[in-house]
Amino acid sequence: MSFETREAGQDLALAWRGVVETVYRNRPSDEPFEPAREGEKRYLTLLDGRPASACSVTRTTVARNDKDLSCGCVAVVATLPEHRRTGAASRLMTDVLGTMRDEGLAISALYAFREPFYRKFGYATCGWRWQIKCPAHRLPRIDGGLPVRQVSAKDSPSLDPVYTSFARARSGSFMRTEADWKDRLGKRPPSIYAFGEPAEAYLWVNLSDFWGEAVVGEVAWTSSRGHASVLTFLSGIAASQSTVTWCEPRDGLFVPHYLDQGISVALHRPTMFRLIDLPLSLAPFLGEEKGLVLRVSDQLAPWNQGLWRLGDSVERITEGDPDAEMGIDVLAQLVLGECSAWQLASVGLLKATSPAVVERLGRLFPQSSVVCMDFF
Ligand SMILES: CC(C)(COP(=O)(O)OP(=O)(O)OC[C@H]1O[C@@H](n2cnc3c(N)ncnc32)[C@H](O)[C@@H]1OP(=O)(O)O)[C@@H](O)C(=O)NCCC(=O)NCCS
């Protein structure tokens, strides 16, 4: 058996589409196929010359609080049923790591069908959203105080300052382009509302028929009165609904302030991140903490493996004793802010020579609320 992974350009476009449609639509179809998105590249792994596995990688910029990380978002990973468990998807994932590095990407993100599959390729769970399902009669009766107005889909980029400040206060979300806004809203844009002028919060919602579930597609806020005004609005639309469902990041305001009996809160859409290029992903963090030496293990991406000194740049060294040792997955959790250095050191996932080193790592990589607001 021989594998070969290639970018699915013109010559392989139909073969790529055949794999994705067979796996995701259960059959090849004549429907028009989605063209590649801005910044998207498609890959195909051939098994003995025949199409076996496919995926796409879309380039974006992810906010890690005030820092930017270039990111390859891996999606539609698929293997034709007749080629499953031959190692085709494993080969594709491994080859695509190298491709993303060649493209100059710092990190990669994906939504996993099952996390253990992607852990084998160095991805670590970082970030999720709380999905809140609130019976209509349990929505708090509060007055947030901000005026509400409807916003047309074409004006949705006007909400970008709220979104950007929401994303910058956290880690793991796209720095959205106009094309990202279009993708996020979909072909049939929902009803969008903004709170305050200038806006301090927004949401969009799909109202169901009477007495159904009103599903909020996205909500973001920059102030507690923005959040409270969202709740005021939701309790208004809940008058003719049985449930309202929306998502908030880990540091959302609803759970600590308004939780009540009968409201369910579930972990929703966890994301996984991987460091693709160690120096690129650590470069934005260089600052006061100069001189730390890390030993990082990464079997699948040997270019990340070894000793690194964090100085004015991230420098590979060949000799010396490390201050701390960890796997590439643990480093991803530090870089994204999913776990603190103390948390990881206390269970031995990060091995440090002294508590002072853990403290320094904690200052370099402060913990953050990690959430990806986009789907891909
Ligand atoms: C997930 C998928 C791409 C894996 O493709 P594949 O080519 O069969 O994967 P590999 O042969 O490289 O798999 C290697 C290992 O992955 C794991 N694995 C593969 N498919 C799995 C599945 N469906 N569930 C759990 N683990 C799985 C197994 O541990 C397997 O090792 P094993 O053969 O020793 O048991 C394929 O099952 C598929 O197309 N599924 C439907 C679409 C999908 O869910 N895509 C993922 C979207 S995030």
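1. Aromatic pairs. In this predicted model, the count of aromatic ring pairs comes to 19. One of them joins Y111 and F376: the ring centres are 5.1 Å apart and the planes stand at 45°, so this pair is tilted. Y111 lies in the loop between strand 5 (107-110) and helix 3 (115-119), while F376 lies in the segment after helix 11 (355-364). The two residues are 265 apart, and the pair therefore links distant parts of the chain.

2. Accessibility of that pair. Y111 has a relative accessibility of 17% and counts as buried, because the cut-off for buried is under 20%. F376, at 22%, is partly exposed.

3. The largest pocket. Helix 1 gives the most to the lining, with four residues. By class, the lining has 11 nonpolar, three polar and 11 charged residues. Domain 1 (3-105) and domain 2 (129-268) each supply at least three residues to the lining.

4. The second largest pocket. This pocket has a volume of about 650 Å³. Its lining holds 26 residues, and V77, A89, F113, F117 and Y118 are the closest to its centre. Strand 4 gives the most to this lining, with six residues. The classes here are 17 nonpolar, five polar and four charged.

5. A ring cluster. F113, F117 and Y118 also belong to a cluster linked by ring pairs, together with F121 and Y123.

6. Charges over rings. The charged end of R170 sits over the ring of F166, 4.0 Å from its centre. For R176 and the ring of W181, the distance is 4.7 Å.

Definitions and conventions. Residues numbered from 1 in each chain as written. Predicted model: local features only at pLDDT ≥ 70, side-chain atom pairs only at ≥ 80, totals over all residues. Heavy atoms only, no water. Phe/Tyr/Trp six-rings, centres within 6.5 Å; stacked < 30°, edge-to-face > 60°. Buried < 20%, exposed > 50% of the residue type's maximum accessible area, 1.4 Å probe, protein only. Lys NZ or Arg CZ within 6 Å of the ring centre and 35° of its normal. Nonpolar A, V, L, I, M, F, W, Y, C, P; charged D, E, K, R; others polar. Domains from an automatic or database assignment. 1 Å grid on protein atoms, 1.4 Å probe; cavity = no way out; pocket = protein on both sides within 12 Å on 5 of 7 lines; lining within 4 Å. Points joined across faces, edges and corners; volume = space filled by probe spheres on them.
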